[in-house]
Amino acid sequence: MTELSFEKALEELEGIVKKMEEGGLSLNDSLTLFEKGVKLSRFLREELEKTERKIEILLKDEKGKVKAKPFRLEETSSKEGGSDSGDDNDPPF
Amino acid sequence: MSSTTKPEKVYSVREITRLIKLQLENLFPYLCVEGEISDFKRAHSGHIYFTLKDEASQLHAVMWRATAQQVAFELENGLQVICRGALKVYEVRGQYQLMVEAVEPKGKGSLQLAFEQLKEKLRKEGLFDPEIKKKLPLLPKKIGIVTSSKGAAIIDIIRTLERRFAKLNILIFPVKVQGEGAAEEIVEGIDYLSRLTDIDVIIIGRGGGSIEDLWAFNEEKVARAIFRSPIPIISAVGHEIDFTIADFVADIRASTPSGAAEIVIDKKDSFIARIESLEDKMSHCLRYSVQDQKQTVMNLIHNHVFQNFKLRVLNLSQSVDDLETRVKDSIKNMQQQMSEVKSNAFLLEEKAANIMRCMLQNFMAKWEKLSMELHNLSPLNILKKGYTLCWKNGRKHLIRRIEEITKQEKVTVSFYRGEFTCMVEGIDKDKFIESRIKKQ
């Protein structure tokens, strides 16, 4: 099976529902569509669960090479708290 | 006469030009002149030459390269401007001209004009065309952000994103968003992120500010970087009322940074609700299909033309009910399966789904056979062609031969759809249908 994208799958599922709602299908066709639809909805639900939480910031080292480092929101938002450890103040670029 | 008394002073051209230069330049070391630009020329050296004119007069003007580079907007013929500078005499040509040190458009700020000019230029080039806007992915796997790592914008974006979808993959390219070099950094950020293969969408932006603060997002190089990005870009600059060139080139404009976060991904709950609604509709349709099929079969069974097959039909009717229950159970199982999706139980579910499918297919085959049988048995097929059935005794008795009828008897004649009752007026027991057909 070729790689299915989230929007492709959603679009296909919507197409299936539309076809089923239009009616005039034999029970066999309905069932075939239903099975296909179940597969798609499963795929969609899985895609929603697949994502992992990762927030990174790109920083340049002395040689100008860009590297991704974890980014913590707290550091930025609590800046006024005066808890800066020094290297926070370094301009990233 | 006087020429003899006082010898006439004869200047060389150089001398008089030098004198005029001293006088004039002394007189106008600084001045402002308003006029319309004409004969505009930009030399290879980068210096600019033009004529300021009004209805009556013209004044030559020159702007050196260093000054010219500072002008935000595009100087062009016909533009009404106010120039500041000094009057200079160019001795080689004996010309006086205004050496422009600063210029601004008349009636509006130069940034405003620069904005309008660039907007018009890029619009003509097609950078804003709606047809070339890229579609945003529904569920971006990784979101790139080009903004300052220190401002409120980044906090707003990330907080909003996490409220909508707790687990997201975000990559930030921190840049200066105002002042010297900001545009260059923004361009670098866009180019860098748009070259990464795993980024699905890029947000560029900053919080609100004055037109000068937002200026980097009005620069042509930023517009070009947005335009050449193969990855869709959302621009989120300033507040609702602030429009920048970046907003026009971007694939989507968000009114604020948190607005961009709302555009980039829908709430996880909305996704689930949408999928659920589709699942419900599907199940409903399938159930309806089952019901529909059952109704068709039942209609056949209950039709009075089936009197003579009563026993068989009773069996069929039971099978139909049985099948219906089983199909309904299968649907229920499938639904349960759908809602219990967990990525680690893949294999097991796959197996269950396979078994379910086999079962359902089995049911289907049986059912289809059943329908077929019923269909073949049915005299309805023949009735459809225009033939009729005759009954007597209030439709209790199907008349198969002429001997079964007596004169003055009431008979009912059934078409495929509809029937009528009539009185027998005459009987001819020996007439064959063939003779009637021949006569006609």
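What percentage of the 93 residues in chain A do buried residues make up? The answer is 23%, where a residue is buried if 20 or more other C-beta atoms, placed from the backbone, lie within 10 Å of its own, exposed if 12 or fewer, and partly exposed in between. Before going further, note that this is a predicted model, in which local features need pLDDT of at least 70 and side-chain atom pairs count only at pLDDT 80 or more, while totals for chains, interfaces and linings use all residues. Residues are numbered from 1 along each chain as its sequence is written, and chains are lettered from A and ligands numbered from 1 in the order in which they are written.

Let us begin with chain A. Three helices and two strands are found there, and along the sequence they follow the pattern α-α-β-β-α. Helices (H or I, at least four residues) and strands (E, at least two) are DSSP runs, numbered from the N terminus. Two residues are in contact if their C-beta atoms, placed from the backbone, lie within 7 Å. Among chain A contacts between residues at least 6 apart in sequence, 39% join residues at least 24 apart.

Now look at where the two chains meet. Chain A brings 42 residues to the contact and chain B brings 43 residues. On the chain A side, the elements giving two or more residues are H1 (6-22), H2 (27-50), E1 (54-60), E2 (66-70) and H3 (73-77). H2(A) provides the largest share, 16 residues. Sorted by class, this side has 22 nonpolar, seven polar and 13 charged residues. Here Ala, Val, Leu, Ile, Met, Phe, Trp, Tyr, Cys and Pro count as nonpolar, Asp, Glu, Lys and Arg as charged, and the others, Gly among them, as polar.

E1(A) pairs with E7 (residues 169-174) of chain B in the parallel sense, over four bridges; two strands pair if DSSP finds at least two bridges between them. Within this pairing, Ile55(A) has Ile170(B) as its bridge partner. The open sheet has seven strands in the order E2(A)-E1(A)-E7(B)-E6(B)-E8(B)-E9(B)-E10(B), with mixed pairing. Its edge strands, E2 of chain A and E10 (252-253) of chain B, each pair on one side only. Helix H5 (residues 152-164) of chain B packs on the sheet, touching E1 of chain A as well as E6, E7 and E8 of chain B.

Asp39(B), which is not a glycine, has a phi of about 50° and lies in strand E1 (residues 31-42) of chain B. Asp39(B) counts as partly exposed because it has 13 C-beta neighbours inside 10 Å. Gln408(B), also not a glycine, has a phi near 70° and sits in the loop between E12 (397-398) and E13 (410-414) of chain B. With 7 other C-beta atoms within 10 Å, Gln408(B) is exposed.

Terms used
Axes fitted to C-alpha atoms, helices over the stretch in contact; angles between N-to-C directions.
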